[in-house]
Amino acid sequence: AVRRPHGTADTVPHVDGARLLRRIDRFSRIGGAEDGGVTRMGFSEADREARARLVSEARAAGLETSVDAGGNVFISRSTVRPKSPARPRILIGSHLDTVANGGRLDGAYGVLAGLEVLQCLAESGTVTGCDVVVVAFANEEGALFPQPFWGSMVLAGRLDALPSEPRDHAGRPLREALALAGGDLSDLASAVWAPDSVVGYLELHVEQGPVLERLGLPIGVVDSITGRTQLTVEVTGVAGHAGTSPMEGRRDPLVAAAEAVLSVERLAREDRLCRVATVGWLEVTANSPNTIPGCVRFSVDIRDSDSAGLAAAEQALRATLADLAERREVRIAIEVAVRTDRVRTDPRLRQEIAAAAADLGLACEAMPSGAGHDAQVVADIAPVGMIFVPSVDGVSHVPAERTAPEHLTAGAEVLLRTVLRL
Ligand code: HGY
Ligand code: MN
Ligand code: MN
Ligand code: MN
């Protein structure tokens with residue numbers, strides 16, 4: 001038997017699983033490729049299309065929508081004012097943007113499940129203890145504009161950590177892309193939410209790893225989210241002709257970068273300064289077979305639960321790069337894209353998620369997240385809770401990313417129950 005949630009309607013509403021799955025399918029075609037991969041990088045045309053679709057589907061469901069200066073999309077029932085609430089408020093959501101050639105679920109699942117929860121509450125006329133606001137955070141991945149967690153950082157008021165005139169790797173200004181998405185770079189302060197202005201933030205997400213599948217569990221309750229430092233490194237050397245420039249005296253930035261990539265791997269694999277270390281993006285200029293490159297840029301992504309470990313890894317890498325620059329006579333510039341510490345989720349929200357799962361007869365277990373999430377940034381201003389569902393074969397950020405339909409529905413049901421308990 002299903003227990004009645006605290007102080008609400010007479011009957012407990014259920015999400016419409018089929019509607020949720022249909023929406024996930026529809027959104028996967030925005031920026032979707034033949035192989036099932038989705039490329040919907042933050043503030044790209046495909047991303048704008050997905051945002052517009054979200055707004056139109058929410059409005060068709062009788063819900064209100066708005067966009068803040070940071071480009072975050074909000075959905076609420078018509079009686080609710082997202083920015084200046086009259087009652088306690090719960091924020092639920094995730095992001096619609098993806099990495100290049102990523103999966104259909106990373107991000108979109110949490111947003112669409114949030115919409116489903118809100119639509120279900122509205123349709124059933126359920127009176128909730130708190131106002132529920134759904135958010136689609138802008139540019140969580142930082143795939144095109146290298147400012148991951150852009151939208152949640154704006155909402156949480158980390159404006160000092162953002163560049164004043166962000167640009168993508170091709171030098172295009174975020175200011176213009178943001179305006180096209182309904183935001184306003186000159187007015188970010190208006191998008192900041194005060195600390196404790198929400199009772200809690202809930203994010204439902206696919207696990208993106210193998211743990212739940214191995215344990216045979218439908219639900220994970222996230223207890224902590226990994227710390228992470230992401231850098232953009234630019235190596236400048238001297239370009240030249242591949243056939244006429246003697247090997248002696250070359251200042252080849254790609255060879256220097258190759259050494260740098262190996263030293264990034266060493267940080268985690270051999271020196272164990274951090275849990276994982278990855279170079280996932282590299283850009284060679286001119287990128288021509290018979291030209292010595294003049295400039296190489298690449299990303300560094302290092303993660304660990306221990307901030308001291310992360311700092312030590314970054315320091316070690318900086319020392320190695322300085323040495324490399326001297327030895328190979330190249331110039332190396334390092335920019336910080338993001339630096340976030342490990343964040344713990346809120347014990348009470350963890351408890352409520354576990355209780356919601358128990359209400360539904362779903363087994364769950366506490367687990368850490370090795371992926372980053374907007375929740376870790378929102379944690380600056382509110383208690384956060386995260387619900388995971390299993391990923392088939394534990395893969396994500398690839399076209400093969402999948403979750404069983406029954407797990408997708410179960411996750412949304414747990415999200416709804418958790419909201420009703422608050
Ligand atoms: O990179 C991450 O962990 C996340 O998917 N943004
Ligand atoms: Mn991701
Ligand atoms: Mn994500
Ligand atoms: Mn020639």
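Good morning. Residues are numbered from 1 along each chain as its sequence is written, and chains are lettered from A and ligands numbered from 1 in the order in which they are written. Because the model is predicted, local features need pLDDT of at least 70 and side-chain atom pairs count only at pLDDT 80 or more, while totals for chains, interfaces and linings use all residues.

I start with the annotation. An unreviewed UniProt entry places the feature "domain: Peptidase M20 dimerisation" at residues 227–327; UniProt positions follow the numbering used here, feature names are shortened, and annotations may be inferred rather than shown by experiment. The span is 38% helix and 31% strand, and its end C-alpha atoms lie 32 Å apart. Helices (H or I, at least four residues) and strands (E, at least two) are DSSP runs, numbered from the N terminus.

Next, please look at helix 7. Its 17 residues reach 24 Å from the first C-alpha to the last, close to the 24 Å expected at 1.5 Å a residue, where the expected span is 1.5 Å times one less than the number of residues. Which residues of helix 7 are buried? They are Pro253, Ala256, Ala257, Ala260, Ser263, Val264 and Leu267. These residues lie on the same side of helix 7, because they cover an arc of only 115 degrees around the axis; the arc is that of the directions from the helix axis to the C-beta atoms. A residue is buried if 20 or more other C-beta atoms lie within 10 Å of its own, exposed if 12 or fewer, and partly exposed in between, with C-beta atoms placed from the backbone. The buried residues of helix 7 pack against several elements, including strand 7 (227–236) and helix 8 (307–328). Exposed Leu262 and Arg269 sit on the face turned away from the buried side.

Asp271 is partly exposed because 14 other C-beta atoms lie within 10 Å. Not counting residues up to four places away in sequence, Asp271 touches Arg266 and Ala316, contact being C-beta atoms, placed from the backbone, within 7 Å.

Finally, I turn to ligand 1. Around ligand 1 are Asp106, Glu140, Glu141, Ala371 and Gly372, each with its C-beta atom, placed from the backbone, within 6 Å. This shell divides into one nonpolar, one polar and three charged residues. Ala counts as nonpolar, Asp and Glu as charged, and Gly as polar.

Key. Two residues are in contact if their C-beta atoms, placed from the backbone, lie within 7 Å.
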